[in-house]
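Here are my notes for a colleague who is meeting this structure for the first time. They are set out as numbered points, to be read beside the sequence and the model.

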Amino acid sequence: MRRVNVYSDQAKDFIAAICYLPLHTLQKKSLHRSQPSLAPYDRLGFKWYPSTRFIKAPVMTTSTSLLAYVTNAQDNGSSLGVGSVIPVDLAKETALTPIPIYGRSMSDGSGTNAIIVTSDGKTAFVTNEFTNSPAGSVSKIDLASGNILWSITVGAEPVDIEFVPNTKEEWAWVANYAGKSITTVNLTKGVVGTTIPVPGAGPNTVAFTPDGTKCYVANWQTDNPAGSSVTPIQVTGNGASGTVQPSIAVGLNPNWIAITRDGTTAYVANKGSSSITPIDVLTNTPGATIALPGPPIQIQLSPDGKLAYIAIAGSS
């Protein structure tokens with residue numbers, strides 16, 4: 001079971017608890033900066049990716065219009081996804097007209113996964129997982145009109161997409177779960193840069209250091225067998241390409257990665273092991289595992305860098 005997502009009222013059905021830990025309990029040295037992958041979204045809002053078996057609905061908000069953009073993905077791969085992005089008026093708590101995103105044909109069963117929004121709040125990029133197709137896509141959306149500006153083919157079952165820091169939002173990397181690869185995408189030109197094979201099966205999360213020089217990929221694999229590695233990739237070509245480094249052993253089913261804003265430590269949520277693995281970014285070595293009271297599905301670091309907030313999955 002790879003990372004899947006849920007938002008808002010649906011989350012209460014699956015989340016039993018959110019625990020928080022002072023960061024000094026996560027590693028011996030003190031930390032004072034927060035997660036870099038949030039940096040592009042400081043003005044825009046948040047992305048929410050708890051893991052369940054039933055619903056995927058990552059959300060991106062824009063503060064200028066108080067709108068959230070909700071994706072609709074496949075139901076654990078067992079049924080066709082809803083190929084759309086749904087704007088939600090947060091002030092009125094009202095869903096607006098969905099933005100349809102279809103595959104090459106209606107039978108493809110397009111299911112939208114992750115979504116990112118540019119810093120000016122005008123444009124979104126969404127990954128589309130096609131049930132009956134060997135490849136997925138990334139679509140560019142004009143948020144004012146709801147028009148799809150372009151769609152390009154990436155790897156099979158794309159899950160996550162993230163801007164590469166310090167590329168002026170020109171490049172993004174896509175984790176292709178079934179494709180066992182990362183696709184680099186030039187968002188300005190709407191073209192694929194390169195495909196980077198990942199040695200671990202089922203890549204489902206990417207997280208960059210704040211300087212944009214390194215990316216960490218969580219390899220979920222499946223429920224059985226479970227993945228247990230994170231693959232670091234050195235970013236090259238100003239975001240267009242990357243060099244794969246030796247994978248790092250972590251817990252079972254790594255599902256989320258949060259990196260400190262000073263770029264020294266990556267924290268990996270191991271859903272299958274109910275634990276957190278810290279990784280020294282300089283040496284790519286894992287630290288002592290931190291046991292949790294349940295399966296972690298997301299980590300966020302507080303703005304002051306003193307606390308880690310961890311969402312714990314429920315049993316229902």
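1. Basis of the note. This is a predicted model, in which local features need pLDDT of at least 70 and side-chain atom pairs count only at pLDDT 80 or more, while totals for chains, interfaces and linings use all residues. Residues are numbered from 1 along each chain as its sequence is written, and side-chain values use heavy atoms, with hydrogens and water left out.

2. The four-stranded sheet. An open sheet of four strands runs in the order E11-E12-E13-E14 with antiparallel pairing; strands here are DSSP runs of E with at least two residues, numbered from the N terminus, and two of them pair if DSSP finds at least two bridges between them. Strand E11 (158–163) and strand E14 (191–197) are the edge strands, each pairing on one side only. From one strand to the next the twist averages 20°, an angle taken between the N-to-C directions of lines fitted to C-alpha atoms, on a scale from 0 to 180 degrees.

3. Six bridges hold strand E12 (residues 171–176) against strand E13 (residues 181–186) in the antiparallel sense, and Trp-171 has Asn-186 in E13 as its bridge partner.

4. Strand E15 (residues 203–208) is largely enclosed by the rest of the structure, because six of its six residues are buried, where buried means under 20% relative accessible area with a 1.4 Å probe and protein chains only. Five bridges join E15 to strand E16 (residues 214–221), and the two run antiparallel; Val-206, for instance, has Val-217 in E16 as its bridge partner. Five residues lie between the strands of this hairpin, and Gly-212 in the turn has a positive phi of about 75°.

5. Ser-139. This residue belongs to strand E9 (residues 137–142) and counts as buried at 0% relative accessibility.

6. Thr-127. Which backbone atoms lie 3.0 Å from a polar atom of the side chain of Thr-127? They are the backbone nitrogen of Ala-114 and the backbone oxygen of Val-159. Thr-127 is placed in strand E8 (residues 123–130) and is buried, with a relative accessible area of 0%.

7. Aromatic pairs. The count comes to three aromatic pairs, where rings of Phe, Tyr and Trp (its six-membered ring) pair if their centres lie within 6.5 Å, with planes under 30 degrees apart counted as stacked, over 60 as edge-to-face and the rest as tilted. Phe-125 and Trp-150 form a tilted pair, at 5.8 Å centre to centre and 40° between the planes. Phe-125 lies in strand E8 and Trp-150 in strand E10 (residues 147–153), so this pair ties together parts that are 25 residues apart in sequence. Both Phe-125 and Trp-150 are buried. Trp-173 and Phe-208 form an edge-to-face pair, at 5.3 Å centre to centre and 70° between the planes, which links Trp-173 in strand E12 with Phe-208 in strand E15, 35 residues apart. Ring pairs also link Phe-125, Trp-150 and Phe-163 into a cluster.

Key:
Buried means under 20% relative accessible area, exposed over 50%, partly exposed in between (1.4 Å probe, protein chains only). A polar contact is a pair of N or O atoms within 3.5 Å; within protein, one must be able to donate a hydrogen and the other to accept it, and residues adjacent in sequence count only if both atoms are side-chain atoms.
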